[in-house]
Structure formats: C-alpha cells, structure tokens
Amino acid sequence: MSTPVDAAAWPQATAARAQGLSKTYGTGETHVVALDAVDVEIGRGRFTAVMGPSGSGKSTLMHCLAGLDSVTAGRVWVGETELTRLAERALTRLRRDKVGFMFQAFNLLPTLTAEENITLPMDIAGRKPDQEWLDRVIDTLGLRDRLKHRPSQLSGGQQQRVACARALASRPELIFADEPTGNLDSRAGAEVLRFLRDAVDELEQTVVMVTHDPGAAAYADLVLFLNDGRIVDEIHGPTAEAVLERMRLLSGGSPQAPGLDGLRKS
Amino acid sequence: MFRASLRSFLAHKGRMLLSALAVLLSVAFVAGSLIFSDTVNRTFDRLFASTAADVTVSPKTAFSEDNRFTSGEVPTLPASLLNRVKAVDGISDARIDITVQNATVVNAKGQQVGPTTGAPTIATNWSVWPRSPVKLTSGHAPRGDGQALIDADTANRKHLRIGDALRVIAQPGTFPVRVVGIAAFTTTNPGAALLFLDTPTSQARLVGRTGVATSIDADAVPGLSDAALERRIVAALGPGYNYKTQGEQAKSDAASLATFLGVIKYVMLGFAGIAVLVGVFLIVNTFSMLIAQRTRELGLLRALGAERRQVRRSVLLEALLLGLVGSTLGLAAGVVLAAGLIRLMGLFGMNISAAEMVLRWPTPVAAYAVGVVVTLVAAYLPARRAARVSPMAALSDVEVAGTGRSLRARAVGGAVVTLLAAGALTGAAASSDASDAASLLGLGILLSLIAGVVVGPLLVRPVIRVLGGALPRIFGPVGRISQRNALRNPRRTGATASALMIGLALVTGMSVAGMSMSSSFDHQIDKALGSDFVVQGANFTPFGKEISDTVRKVPGTSDVVPLRYAPVLVTLPSGSTAKLTGAAIGAGADHVVNLQYMAGNTARTLALGRISIADSYAAEHRLRIGSRVPALFANGRRAVFTVGALTTGNGSLFSDNAALLMGLSTAERYLPGSQDAALYVNAAPGTDPKALRASLEKALKPYPQVAVRDQADYKALVRGQISVLLNLVYGLLGLAIVIAVLGVVNTLALSVVERTREIGLLRAIGLSRFQLRRMIRLESVVIAVFGAVLGLGLGLVWGLAAHEVLALKGMKALAIPWTTVVAVLAGSVVVGLVAALLPALRASRMNVLAAIAHE
C-alpha cells in the first residue's frame, strides 16, 4: 500500500498525516465544504487536540484520518499505510489493528463485560492480547476491580475509562477520541483526560482528541484550531487561558461556555 | 393525538410491514374459507334443489349406513307403487327412480371410467322430466339392454364417444353396454360419473330384480305445496315408507356432502386459527419494540401533558390502522385463495364456476373482526406499557429495553398453568374412558401451549446458555455477542421463539401420534391377519358376488373366506343404543385371521345369532358371555344376538373398537343383499404364493376396482392413508412456520434498528461486514433452535399423552419419529439462516458514521 518513498519520508515521527484533504457534502444549494485542502501531521507519541467552533470540520477531519469516512480529495496515511487507497475490507482491518477509538457516548457493548469490551478488537481479529501490556493498561486506568462488570453497572467516567483501555489495548498506531469528556461531569472528565495524558507519557501512545472544551485541550501537547474546514492556528504546550483566548479570536466573540456543550451534543 | 398516531403509523410503515403480513394471512384464510364454503354450498344447494322431485318416496331404513363400512345392500321398494302415487290427486308427474352407487364402469382397456377418488360412479335409469338436471346433448336415449348414456364431463375426461363399448360391473353381474348418447349437466357436476340405462335394464342389471325401484319421485301440480302433496301421498301409501319434500331431500343430500365440505372448511379455519395465534406473537413483538424505541418520544408527550390514557389510545389507534389495512388486504387475498381452491376442486372433477363466487355479508364482517380484534388484543399489552412510560424518560439517556423488569409474576403464572397442563395431560394418559381422555387431552394441549408461551421467556436464559454455549468457542467473540444478544431481552426472544414453537409442537405431536397409529396398525396386521392375500376394493367398498366367485375358481387356493360389513344399531344393557360396525366372517375364519379370545372361540362367534365383542367394550357396557343384545339392521330387520365370545379386541382391525364380529350366515339371514367387502385367501399346500398371486391378479384383471394384497401391501395401504392425513397436517403447519419465520425476521430487523449505534461502534472498532452478518445469523439461529427445542419438547409430551389415549382405542404401539425430530432441528437452523438474510444484509450496509450518530 505504501511506497518506500512515503515510508522513508515519514519514518517514525508521524503517526498519521493528511495531504490536501478535502471533504464536501451535497451539491448545489446544499453544498457544504467540511474540509478544504487540509495538510496535517500527527506527531508520534504526542497528544494532539483539535478544536474549532461547531461546523468547523474538526470531527470530519478526525473521521477521515481514522478511516471512518471517505475523502473527496487528497491523501491520508496512518503509519505507513495510505488509507485513501484501501478497499472497505482492508479499511476495516486497519481500524481494527492500527486505530483505537473513544466516542463521546455509547462506547461499549452493553452485553459484554468491561474486560470483554477491552479485548474486543483483538478478539474480533482473532489475536491473543499481550497480557503484560493489557495488565499495564488496566492498572494504569485503575480498572482492575471493575473487569467483570457490565457497562450498565459502571459510572459514566468508568465507562469512558473502559473505552480508553479498549483503545489502548491493541497498542494502535494512534487513538482517536471524539469529545471523550462531553458526557461527563468535570471531575470524571478530568480523570479521563489525565489517563489520556498518562497513555501518552507513560505508555508512549499517540492520541488525537476532538474537543470543545479549552480546559480539556490544555491537557494536550499541541492544539490545532480549525475554522471553515482549514487549520488556521496551533498552540504548542497550551494552557486553558491561551486556548480560550484563541477561540474567542476565532469565533469573533465569546466562545461557547463549556458547560453548554454537553447539552448541545446529547 | 389522532394525527400523531397516523403520522407515527406512516413513519413506521416499514416496520409494520411484517405485522400487516401476519394479519393478512390470518384474515385471508378466514375469508377464503368462508367464501369457498359459501360458494360451494350455494352451488350444491341449487343442484340438489333442482335434482330433487317435489316429493320423494323411498324405502324405509332404520338408519343410514356409513359410507365407509357399508353392507352393500340396496334398499328397494316395489315399482308398482308408482300407480298408487299417480292416482293421488294433485300429481303432475311421477316416475320411478333406480339409482345405485355400487357399480363400476370399465372401458375397453379395462380402466375405470368413473372417478377413483372420492366422488361416486352413479348408475341410474334415464328419465326426462321438466326440471331434469341433465339433458341429452348428442345421440339418443337408451333403449333396451346394452345401451347407455354417459355424462359429458366423464366422456371428456376419458375420451369416450358414441359407439364406444363399456363394461358395467354391477351387483348382480357384469354386462356390456354401448354408448348411444352423451348427457350434460345443466347445473354443476358434483364430480360424479353418471351412467344412464333405460328403466327395465336398470332394474334387471343394476338391482337384479324386475318390478323394483330405489325411490319414486312425484311432482305437484302448480299451486299445490310440496308439503300438501306429501300429506296426500302419505295418506295413500301409509307409513311404511320414507317421504321427503324437495326441501328435505335437498337438505339430506347436502348433509351427506357437508361432511366432506365441512372437513375442508374446518381445515381452512384451522389454518386461520394457527395463523392468528402465531400472528399475535409477531404483532406483540412489533409493538413492544416500536414502543421501546420510542420511549423518549412517549416520555416527551407525557412531559408535554399527554395523559396515560391518551398515550395508550394513540398506540391502540395505530394498531387499529394496522388491523384495518391488514384485514382489507387479507379480504382481497381471501378472494384469491377461494378462487384457487375452487380451481383445485375442478381438478378433482367438481366444476364450480369461480365467476359465481359468493361473498355474503358475514365474510367481510368476520374478516374485519378477526383482523382488527386480533391486532388490538395483541397491541393491548404494549400499549399499556407505553402508557406507563414516565415523563422522565424524555430526559434520561439510558437504554430502555425492558430487560430488567421482574419476571416473577410470569414465573408464578407459568408454574400454575404448567401444573394444570401437566395435570390434564396426566389425567388424559391415566384415564380409562376414551372420550374423557380425549377431552382431557385437548384441554392439556391447550393449557400446555399457554404454559409454553408464558414460560418461554423464563427458559430463554437457561436454555440459550446451554444451546449457545458452544458459540463463543466455535465462533469466538462474534459467537459470544450473538449469544448475549439472544439472551438480552428474554421476553422478546421468548415471544419470537414461541411462534415457532407452536407450529413445531403441533408437527411433532401429530407425527408421534401418526407414527404410533401406523405402527399399531402394523402390529395389528401382523397379529390378526393370517392369510396369504387379501382381495379388496378401494375404501372398503363392497363388491359383487361375481368377483368372489372368480376368486374361488382360481386354482391353488385352500381358503377363500369373505368378510362383510353389517352396520347395526345395538341396544346395550343400560338401555342406550350404539351404532356399531359389525363385521361378518365366513367359515374358515381361523385359517385366515388370528382372533384372540378372552373367553369362547371362533366357532361360538360364527354360530347363527351369536356375536363376539372386545373384552374392553363388554366390560364398559356390562356385557357377559350369554348376554342378549337386541340389534337393528339398516334395512329395518331386528335380531337378538347372544354374546358367544369375548376377544382381546384385536379383531378391531376388521371393524371398530367394539370389534363386533358375527358369522356370515348371521349377516346373510338379516341382510340378504349384503356384499363381500374383502376376501382372505390362502395358498393351498404345495402352491407357490407368488404363482397364486399371479393367477389371482390375472383372474381379477377385468375387475379394476379390487386389488390383491399381501401383508406388506396391506400395511403399506394403511400407512399410506395415515401419511396422507399427516401430509395435510404438515401442509397446514407449514403456514404457521412461515409466519413464525416472518416473526424471526421481524424481531431481527427491529433489533438491528434498535442496535444501530452498537453496530456502528462494532464496525468502527474493526468488525468486518462478514463478521457482522455472521453475528446476526448466529443470533437468529439461536432463537430458531430455541423455538424448535421448546416445540419438540412440547410436541413429544403431547405425542406421548395422545399415544396413551390412542392405546385406549387399541392402538398400543409407540413410535417416536426420530427422523422428524432431527429434521425439525436441522430445519430450524435453516429457518434461522433464512430469517437472518435481510436483517443481516441491512445491518452490514449501514454507514458506520451515521450508525454511531444514530439516536
């Protein structure tokens, strides 16, 4: 799938990248440009946050990078594999083996226990999980005594930690988290963000997180700002205040209060 | 609220589709059977009204013999009565009628001209009167011996033309005729073949006596009522005869047909009943799932101020709409079904014009009543559940699938019904009275069916844990998710499986009973039939003396023992009367049948005026050796029998469960016109049975109405008759299974919709389309196999109980049809796979992102 040139050009430093990535929906009057020739690189072993006002294309960017959505133009790589050339079946395999996911809500199968949910991608692939790694992930996330519980027996924060553990369990190239704290109260949210941070610092994973919340973005190494389908700005080593300030500039007024985001999304 | 219901109904019409189909099928069978039987009834009412004379005078009979076991005696009256009838004031026309149904007409190739299944061959005298239902279309009326008319339908079917030679095998003997004309029905031909002879030939050749008639038909002058004419004729002839007005005659003709049509009607209504029963599950599931999916919407309605009553009503209104749409389509489908049945009847020779289809008002009323009431009843529980949705549901984000609700009330109710059912079935098995046992069995089947339905959801967890236990091991995580999904909502899985359970339980129960009957007959034949060969007609129809004489003349036989049927009405010691199928056996019975006696022997059975009966029947009716039993024959003669012997009842092979046997001399004395119904033949010592069979068959070649059978053939004949019955039942239940499959499709399809987000998630984290399809297929198979296991269990219990009841009627063998059991299990896997096709396809085509974002 990948050419030697590609592999040589981005050997280790990049977990994923996109080149001239465009995505449009509809035609005529309903024509919407979600992504407009975006070039982006996701650094390996880093925690990247993607921010932007509603409709800026941040979720679409994530979906295209993760192989969940097709692109209108441009190329996307995860590791050394070019997604934009893959057929449906290979794309499914790639998601299974190379990408970890966390969604805002409904991350877990209600019929499976926490442990079964965590190992599900590997079970589907028919691979044995690396037990040592799995133990490390479970202990890092503090889920040891919750493994036999069903999702309905876990709190919202615990459910997101299980989702996080599942995303980490197969040691993917990178983890995509789509508003992982959107449905949580601030304490549980902070806990989940700290685990994502730990996943990067201690377990050397790569995390891309889409969020509305400047406080959440402050956990990242790098914040990318999207507006009207383009990356318009970035902050290295962000603080919540800096992010909030940048958002205010972007939207040309006061940013949405983080507290309202949860309601809007649900 | 009405608008909300209508919108909701239209919005969910795709999901209602299968429910509507279930309503449609049930209503189609109700409407179809009513239209069919109304049409057939009107057609025949017209025919009988047109064929019957204003007043018919016939010989007095004590009772009418069964069609199946008849003595073959033709009741007659003197033809000279005609003059006395004609002398009655007010007669416009009177004629003698000679009609027999015991003649066989054979063409030049030796093939039967008349129908060989069901409808009779009627040989009668040709007479023309104004309202005659047949008219001559070509040739001329029969004049003298050797001339005959044939009806046009038969002529067409058998390619007969004027001038063709036929042979008529009648009771007095065989005679040749030539076709001199063709007569056509002016109304519907009921499917019979008709042969017309002139009156003297009919008397001589069909009855064997000149100066007799089977009835005298009289028509009244205009203005005189049938009843008034009947009174005048009765006054002239006295009470020694049977009199019937046109209306009465038509009614009694219709009654004899009604048993046949009744069977069709009840089979059809049986279809409808099962379709309704199974359809209810489908509808309940659909509404339950729609409501589960709309919990938030309903919560919002409640939050906005809708009353519980209004919510309930809105759901019931949707059900009403579904019922109306389903009934309307079902009514239309019923018309098509009736037309199909009428055409099918045409294949059997019954020509009813589909254009004359009768749609009386009760048909649409019944159709809508069934469709609407069933839908409303099925939707009632889900509607009540909908009304209980709290306004808080609008705000909560938890999955509401009704999994957590307690099944305790169900467990208690289920246990009670199960105990009652077990009691009834045990009672049926233990009972010694056949009719008590049968009603207990019916009750037990009904109760255990209810118990199965109530308890089904409770069995989901334990049974599917076991059944699906191997899935995770064989299919890994996909198997595990399937198994868990099937376990997820026991109520839903239980209801879906129940639909399948009903059909399969009936199939299993019937096939246990049928196989047991078959094997009991095999045993009886082995035990009771001792002769090398049996010469017998189809359906135990008696045959003429000529055939018996022919068999006797075949060289190489040692015994030729005839059997006749002598239906009698006996008066029991209690004073009540019972109609029994007596069997009369000729001398030498011990050489050809093995009767087993509790007391007495064959000689005491066959002596003049003596009988033997089954020991069990004797005990039940307090009869002993030496008891005197007054008996009345169909021809009105009376006898007082003496019980000479008691048998173990194995003689019931030759009659009914009373096993009343008598000597041939007794039958000849009281029923002088009776005919042999079977001949038991043994090969003489030194004669090869094969050679004897060949010579018997050669000698009987001119008589296609009888066949030579050895024991194996005889068993095959009996088995064939039972399997025809079973096939009919299987066909009936096929429909139930089709609806049950629709139910599985329905549940899966709605589950797939309900689990859209889950499916999206699974696809996002790397489940391939193939794995997703397999997941749904496995869940479907688990549900189907669960239903099959419940059905088989219930069916085997029914079969065992039915067998105990059959044992009371002398059918003691038990046969479990293991091949059917295995086939049902294998079939249920196929059912599961087929049911999952569309839902799996749909799930695998879902867009991952849209699925994840699905509310």
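This is a predicted model: local features need pLDDT of at least 70, side-chain atom pairs count only at pLDDT 80 or more; totals for chains, interfaces and linings use all residues.

Analyst: Apart from its neighbours within four places in sequence, Ile613(B) is in contact with Ala618(B), Leu623(B), Val643(B), Leu646(B), Ala658(B), Ala659(B) and Leu660(B). Together with Leu196(A), Ile613(B) has the most contacts inside the largest nonpolar core, a set of 331 residues. The element that gives the most to this core is helix α23 of chain B, residues 769-808, with 22 residues.

Arg622(B) is not a glycine, yet its phi is positive, near 55 degrees. Most residues other than glycine have a negative phi. Arg622(B) has 10 other C-beta atoms within 10 Å and is therefore exposed.

Glu204(A) is placed in the loop between α7 (186-201) and β8 (207-210) of chain A. Because Glu204(A) has 10 C-beta neighbours inside 10 Å, this residue counts as exposed.

Val57(B) counts as buried because 26 C-beta neighbours fall inside 10 Å, where the cut-off for burial is 20 or more. Not counting residues up to four places away in sequence, Val57(B) touches Leu81(B), Val85(B), Ser215(B), Ile216(B), Ile233(B), Leu237(B), Tyr241(B) and Tyr243(B). A further distance concerns Leu77(B): 20 residues separate Leu77(B) from Val57(B) in sequence, and their C-alpha atoms are 9.0 Å apart in space.

Helix packing in chain B can be followed through two pairs. Two packed helices are described by the angle between their axes and the distance between the axes. In the pair formed by α12 (residues 434-467) and α14 (residues 490-528) of chain B, the axes come within 8 Å and cross at roughly 135 degrees. That angle makes α12(B) oblique to α14(B), and the crossing is right-handed. On the side of α12(B), the residues that meet α14(B) are Leu449(B), Gly452(B), Val453(B), Gly456(B), Pro457(B), Val460(B) and Arg461(B). Their counterparts in α14(B) are Pro490(B), Arg491(B), Thr493(B), Gly494(B), Ala497(B), Ser498(B), Met501(B) and Ile502(B). By class, this contact of α12(B) with α14(B) has eight nonpolar, five polar and two charged residues.

The other pair consists of α2 (residues 13-51) and α10 (residues 362-387) of chain B, whose axes come within 9 Å and cross at roughly 155 degrees. The two helices, α2(B) and α10(B), are therefore roughly antiparallel to each other, and α2(B) passes α10(B) in a right-handed crossing. From α2(B), the residues Val23(B), Ser26(B), Val27(B), Val30(B), Ala31(B), Leu34(B) and Ile35(B) take part. They meet Pro362(B), Thr363(B), Ala366(B), Ala367(B), Val370(B), Gly371(B), Val374(B) and Thr375(B) in α10(B). The contact of α2(B) with α10(B) divides into eleven nonpolar, four polar and no charged residues.

Among contacts in chain B between residues at least 6 apart in sequence, 85% join residues at least 24 apart.

Chain A, for its part, has ten helices and ten strands. Buried residues make up 49% of its 266 residues. For contacts in chain A between residues at least 6 apart in sequence, 70% join residues at least 24 apart.

The contact of the two chains takes 24 residues from chain A and 20 residues from chain B. On the side of chain A that touches chain B, α3 (88-98) and α4 (114-125) each supply at least two residues. The largest share of that side, six residues, comes from α3(A). By class, the side of chain A that touches chain B has eleven nonpolar, six polar and seven charged residues.

Technical notes
Residues are numbered from 1 along each chain as its sequence is written. Chains are lettered from A and ligands numbered from 1 in the order in which they are written. Two residues are in contact if their C-beta atoms, placed from the backbone, lie within 7 Å. Helices (H or I, at least four residues) and strands (E, at least two) are DSSP runs, numbered from the N terminus. Ala, Val, Leu, Ile, Met, Phe, Trp, Tyr, Cys and Pro count as nonpolar, Asp, Glu, Lys and Arg as charged, and the others, Gly among them, as polar. A nonpolar core is a set of buried Ala, Val, Leu, Ile, Met, Phe, Trp, Tyr and Cys residues joined through C-beta atoms within 7 Å. A residue is buried if 20 or more other C-beta atoms lie within 10 Å of its own, exposed if 12 or fewer, and partly exposed in between; C-beta atoms are placed from the backbone. Axes are lines fitted to C-alpha atoms, for helices over the stretch in contact, and angles run from 0 to 180 degrees between N-to-C directions. Angles under 35 degrees count as roughly parallel, over 145 as roughly antiparallel, 65 to 115 as roughly perpendicular and the rest as oblique. A crossing is left-handed if the near helix is turned anticlockwise from the far one by less than a right angle, and right-handed if clockwise.
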